[in-house]
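Dear colleague,

Please find below the structure that I am handing over to you. A summary of what was found in it comes after.

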Amino acid sequence: ISVINKFFLPNLKQGGLGFTHKFSGTDVLGMALQFDGSANLKQNTIALAYAKKINEKFNAGISIIYLNTFEQTMGSKNNILGKAGIMFQPTRSFLIGASVYNPFATKLSVLTKERIPTYFTSGTCYKLSKQVRVYAEYKLGMKDVHTLKLGLSYEPKPGIIVYAGYRN
């Protein structure tokens with residue numbers, strides 16, 4: 001559960017709620033609700049996800065996403081999107097993952113040619129020690145949009161974690 005009030009502006013809020021349920025040794029079902037925006041532009045999302053542990057080193061998952069977008073001049077628009085991902089763990093301390101969001105480039109509105117972006121994301125996590133982990137993520141969009149994120153976490157005591165990161 002999270003609620004964020006950005007820049008202390010009363011009408012610019014973001015929040016969400018999520019849960020998962022493991023219903024067998026290899027299958028997990030999840031659901032997430034998220035809202036963000038202001039009075040002029042806001043998005044509400046409901047996602048239903050399923051993940052399966054294929055074997056000890058490989059996991060895969062899919063999700064169906066309902067997206068409601070409201071923009072003051074356009075009105076309200078509803079879309080169904082998808083996301084699929086895989087995760088591979090070659091060693092106990094190294095994880096590699098990849099996902100695709102909205103692979104069919106769903107149209108935002110019938111009135112325009114604007115589409116909801118498709119993103120390909122890949123990332124890795126390396127556990128240097130019991131307390132230190134290094135993260136890297138690369139996000140690539142269809143229109144030359146790319147983002148690199150680097151992160152470091154340190155857990156001096158169980159339950160106390162300090163994060164540092166960089167994003168271009």
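The model is predicted, so to speak of local features requires a pLDDT of at least 70 and side-chain atom pairs count only at pLDDT 80 or more, while totals for chains, interfaces and linings use all residues. Residues are numbered from 1 along each chain as its sequence is written, and side-chain values use heavy atoms, with hydrogens and water left out.

Eleven strands form an open antiparallel sheet in the order 1-2-3-4-5-6-7-8-9-10-11; strands are DSSP runs of E of at least two residues, numbered from the N terminus, and two of them pair if DSSP finds at least two bridges between them. Strand 1 (2-5) and strand 11 (160-167) are the edge strands, each pairing on one side only. Strand 3 and strand 4 are joined by eleven bridges, and Gln34 has Thr45 of strand 4 as its bridge partner.

The largest pocket holds about 920 Å³ of space. A pocket is an open set of points on a 1 Å grid over the protein atoms alone, where a 1.4 Å probe fits, with protein on both sides within 12 Å along at least five of seven lines; lining residues have an atom within 4 Å of a point. A volume is the space filled by probe spheres set on the points, which are joined across faces, edges and corners. Of its 42 lining residues, Gln34, Thr45, Ile65, Lys83 and Tyr101 are the closest to the centre of the largest pocket.

The second largest pocket has about 300 Å³, and its lining includes Lys83 and Tyr101.

Yours sincerely

Notes
Helices (H or I, at least four residues) and strands (E, at least two) are DSSP runs, numbered from the N terminus.
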